[in-house]
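Q: I have a structure open and would like to go through it with you. Could we begin with charged side chains and then move to other topics?

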Amino acid sequence: MKSLQLIFLSLLSGLLLGCSWYFNLSFFIFVGFVPLLFIEDYFSSNKSLIKRSSLKLWALSYLSFLTWNLIVTWWVVNASFGGALMAFIANSLLMSWVFLIFHKLKLTYKSVWILIPIYLAWEHGHTLWDISWTWLTLGNVFAYHPNWIQWYEFTGVSGGSLWVLGVNVFIFQLIRQKQVATFLSKPIYQLAALIMLPMLISFGILFYRTTTLTKKGKGEPCVIVQPNLDPYNDKFYIEFSEQFLNMLNQVRGKITNETRYLVLPETFMINDMNEDHLEDYEEINWFKDSLLKAFPKLNIITGGSTYKFYKTKAEASLTARLDLNSNMYYDMYNTAILLNTDGVSFYHKSKLVPGVEKMPFPLILKPLEKLAINLQGTVGSLGIQKDRTNLTCNNGIKVAPIICYESVYGDYCTGYARNGANLVAIVTNDGWWGNTPGYKQHLNYARLRAIELRKQIVRSANTGVSAFINEFGDIQQATEYEQKAVMTVNTKSNDIRTFFSKMGDLIAYSAILFSTCLLLFRIYLKFKK
C-alpha cells in the first residue's frame, strides 16, 4: 500500500468510530476497526516491513484514535482548552500503545482474535487508575439504543465492547480471506447472526423483565429540580440564600404530604461546610425550618461542598491540604447530602475528574495540585471515600447517590447495589460544556446504569437535562436543555440484584487474566530464544 492509502484507511477508521457515537449511526461501530485492522495486517504480513513497522503502525493508529477522540469529545474544550488538548493527546496515545501491543502479540500468536482480550483488558484497566477517561468505552456506544442491550444486566458495558470487537474481527477476516459473500451465502448468515442474535436476546429479556419488574415496588412521588444557573457566571457568584429562595419558589405547590423525595443538583449548597458541625450551618437549618418542618416525611437529596479536619498529620490522606491558620490538615469533598427528620448523612464523590477535581498520582505530583483546572466549587485535589455507601431515607429506602462523572463507571456503580441500593439518584452539573453533545452523552450513559442495576434513576442537573429513567433505560420524563424546571415523577424502588451487580465485570476480569497470560508467555518465549 502507498502512504496515502494507509493514511486514508487510518482516517476512515477514526471517522467510522467517531460517527457511531451520534444517533442513528451506531451501526458504523461494527466496521470501525476494520480499516485499522487492514493497516495492521499490511505490516504484519509483509516480512520486509515487520522490523520497521512499529513506528509507522503506531503513527497511523494514533491518527485513527485521535480522530475518534476529537469527533466524540471535542466539546471538552468549552470547559478548558488546555485540559481538552491533554485529554485528546493522552487518550489517543494510550489507545495507540494498546493497538501496538496487540500487533506485537499477533506476530507471536498469529491470530487477529487476540485484539478482543487485549482491548477489553485495556478498557477496564483504564477505569482504575488516576488518569481514567472512559468516555469512549466501546460498550457505551449503545446508550442511545437500550433495547439492543438489555443483557447488560449480566455483562455490563464490557459485553457491548465484546460484541463490537467480535463483529469487527469477523468482518475483517471475511474480507481478508476473500470469502464469497453473496446474499444467501453462509458467511452472510453468520454475520447476520452475530449482529442480530444479541438484539433478539435483548428483546426477549425486555419482554420477561417488563412482565415481572413492573409489578415490583411501591410507587412514591419524587420532585426533581433543575435550577438552570450558568456555572461560569451565576452558580458560584449568586448568594446561596437567593438560590435557596428561588428553589422554594420552584417547588411551591409541587411538594405534598405524599412526596417522599426532593432531588437537587450537584453542589447545590455552594458554601463549604465542616462535616463535624453540619447541623449547625444555617443552610442546613433553612431546609429544616421550611421544607422538613412542613413535610416531615420528605427526604432531601442535594449536592454540597464539605471538608473534614484531621487531628494529626499522620491521619491525613494523600489529598489533604494544610490550613495555614490552624496548621491542621483537611480534605475537601464533593458531597451528596441527605436531609430528613432523622438528621444529616452524606457520601463523598470518589470517581473524580482528572485535572479538575484531582491531581493524578498524588504521591508523586502532590506539589502540582494547584495547577488543577479551576471550575469553581470543587477545585484542586479532593478527598474520596473507600466504599460506595448509600443514603438511607426515613422510609427505609436506600438511595445510591451517584455524583456526576461517577455515572460513567458501570463496575464502580455495582458497589452501591451490593450495599443494598433500592433507587439511584444522580446529581450533576452539565453546564460546563454548553449546548453540545457532551451533556447528551452524559445523560444517555445513565441509561446503561439503569439496565445494569435494574434500578430507576432520578437525575437532577443544575444545567443540562434532568430526567427520570426506568429500569429498562427508557427516559420517561426529561427537561429541556437550559430550562428552569421542576418534575414530579412516581418512583418505584426494588431490591433486585442483577448478575452484573453481584458478580461485577466478569468479562473484563477474564480478559485481564487472559491478556496477562499472553504477555507473560511471549516474554517467556523471548527469553527462551
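Q: Which side chains meet in a salt bridge at 3.4 Å, N to O?
A: Those of Asp130 and Lys358 do. A salt bridge here is a side-chain nitrogen of Lys or Arg within 4 Å of a carboxyl oxygen of Asp or Glu. Please note that this is a predicted model, in which local features need pLDDT of at least 70, side-chain atom pairs count only at pLDDT 80 or more, and totals for chains, interfaces and linings use all residues. Residues are numbered from 1 along each chain as its sequence is written, and side-chain values use heavy atoms, with hydrogens and water left out.

Q: Which parts does the pair of Asp130 and Lys358 tie together?
A: Asp130 lies in the loop between helix 6 (115-125) and helix 7 (152-155), and Lys358 in the loop between strand 7 (343-348) and helix 12 (362-365), so the pair ties together parts that are 228 residues apart in sequence. Helices (H or I, at least four residues) and strands (E, at least two) are DSSP runs, numbered from the N terminus.

Q: Is Lys358 buried or exposed?
A: Lys358 counts as buried because its relative accessibility is 17%. Buried means under 20% relative accessible area, exposed over 50%, and partly exposed in between, with a 1.4 Å probe and protein chains only.

Q: How many salt bridges are there by this rule?
A: The count comes to eleven. One of the salt bridges is between the side chains of Lys106 and Glu40, at 2.7 Å, N to O. That pair links distant parts of the chain, with Lys106 in helix 5 (residues 81-109) and Glu40 in helix 2 (residues 34-44), 66 residues apart. Both Lys106 and Glu40 are buried.

Q: And what about Arg449 and Glu452?
A: Their side chains form a salt bridge at 2.8 Å, N to O. Arg449 and Glu452 both belong to helix 14 (residues 437-453) and are three residues apart, about one turn of the helix. An α-helix has 3.6 residues a turn, so residues three or four places apart point the same way. Arg449 counts as buried at 1% relative accessibility, and Glu452 is buried with a relative accessible area of 1%.

Q: Which residues do salt bridges with shared partners join into one network?
A: Glu40, Asp41, Lys106 and Arg176 are joined in that way.

Q: What else is Arg454 in contact with?
A: Leaving aside neighbours within four places in sequence, the contacts of Arg454 include Glu153, Arg209, Arg449, Glu471 and Asn494. Contact means heavy atoms within 4.5 Å.

Q: Now a histidine: where does His145 lie?
A: His145 lies in the loop between helix 6 and helix 7. With a relative accessible area of 13%, His145 is buried. Its side chain makes a polar contact of 3.0 Å with the side chain of Ser26.

Q: What do the buried residues of helix 16 pack against?
A: They pack against helix 5, helix 6 and helix 8 (157-176). The buried residues of helix 16 are Ala508, Ala511, Ser515 and Leu518.

Q: Finally, how many helices and strands does the protein chain have?
A: The secondary structure comes to 16 helices and 14 strands. Buried residues make up 57% of the 529 residues in the protein chain.

How values were computed
Polar contact = N/O pair within 3.5 Å; in protein donor to acceptor, adjacent residues only side chain to side chain.
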